[in-house]
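Subject: Structure for your review

Dear colleague,

Please find below the structure that I am handing over to you. My notes on it follow directly after.

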Amino acid sequence: MKYIVAIIKPFKLDEVREALAEAGVNGLTVIEAKGFGRQKGHTELYRGAEYVVDFLPKIKLEIAAADDIAEAVVDTIQKTAYTGKIGDGKIFVFELSGAVRIRTGERDDEAL
């Protein structure tokens, strides 16, 4: 099993979610986040005053996936979240040693 964490632009969420559903993902967790990478934030003008926005709004997706669909999940996120501009995001893949569905006690792949 794999634990996939993706940081994407907020306006791409619906498109990515729909593509993941088509790829066989049964569930995911969405977290509103703020952060920066190479773009280092940006400067904005508000009512004539200039200020620096250090942290940009992002969406963090967390997905537990069976080994046989994990690569397809990563490819789907990468293709769907792509805009070609700086700040598109990142995908991290971790080994997942176990999962338990609390309600039924199912474990590992059956719990996903």
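Helices (H or I, at least four residues) and strands (E, at least two) are taken here as DSSP runs, numbered from the N terminus. With that convention, helix 1 is followed by Gly 24, whose phi is positive, near 105°.

The model is a predicted one: local features need pLDDT of at least 70, side-chain atom pairs count only at pLDDT 80 or more, and totals for chains, interfaces and linings use all residues. Residues are numbered from 1 along each chain as its sequence is written, and side-chain values use heavy atoms, with hydrogens and water left out.

Helix 1

In helix 1 (13-22), the residues Leu 13, Val 16, Ala 19 and Leu 20 are buried (under 20% relative accessible area, with exposed meaning over 50% and partly exposed in between, for a 1.4 Å probe and protein chains only). These residues cover an arc of only 135° around the axis, which puts them on the same side of helix 1; the arc is that of the directions from the helix axis to the C-beta atoms. The buried residues of helix 1 pack against strand 1, strand 2 (29-35), strand 5 and helix 2, where contact means heavy atoms within 4.5 Å.

Helix 2

Helix 2 has 15 residues and spans 22 Å from its first C-alpha to its last, close to the 21 Å expected at 1.5 Å a residue. That expected span is 1.5 Å times one less than the number of residues. Buried in helix 2 are Ala 70, Val 73, Val 74, Thr 76, Ile 77, Thr 80 and Ala 81. Viewed down the axis of helix 2, the buried residues fall within an arc of 165°, so they line one face of the helix. Their packing partners are strand 1 (2-8), helix 1, strand 5 (56-65) and strand 6. The face of helix 2 turned away from this buried side carries the exposed residues Asp 68, Glu 71, Gln 78 and Lys 79.

The helix pair

Two packed helices are described by the angle between their axes and the distance between the axes. Helix 1 and helix 2 pack at an angle of about 150°, with their axes 9 Å apart. Axes are lines fitted to C-alpha atoms, for helices over the stretch in contact, and angles run from 0 to 180 degrees between N-to-C directions. Helix 1 and helix 2 are therefore roughly antiparallel to each other, a class that takes in angles over 145 degrees. To this contact helix 1 contributes Glu 15, Val 16, Ala 19 and Leu 20, and helix 2 contributes Val 73, Thr 76, Ile 77, Thr 80 and Ala 81. Thr 76 counts as buried at 16% relative accessibility. Not counting residues up to four places away in sequence, Thr 76 touches Ala 19, Leu 20 and Ala 23.

Outside the helices

Ile 86 lies in the loop between helix 2 (67-81) and strand 6 (89-95), and is exposed, with a relative accessible area of 57%. The C-alpha atoms of Ile 86 and Glu 106, 20 residues apart along the chain, are separated by 41 Å.

Gly 98 lies in the segment after strand 6 and is partly exposed, with a relative accessible area of 34%. Leaving aside neighbours within four places in sequence, Gly 98 is in contact with Met 1 and Asp 108. Asp 108 is also found in the segment after strand 6, and has a phi near 55°, a positive value in a residue other than glycine.

Yours sincerely

Note on methods:
Parallel < 35°, antiparallel > 145°, perpendicular 65-115°, else oblique.
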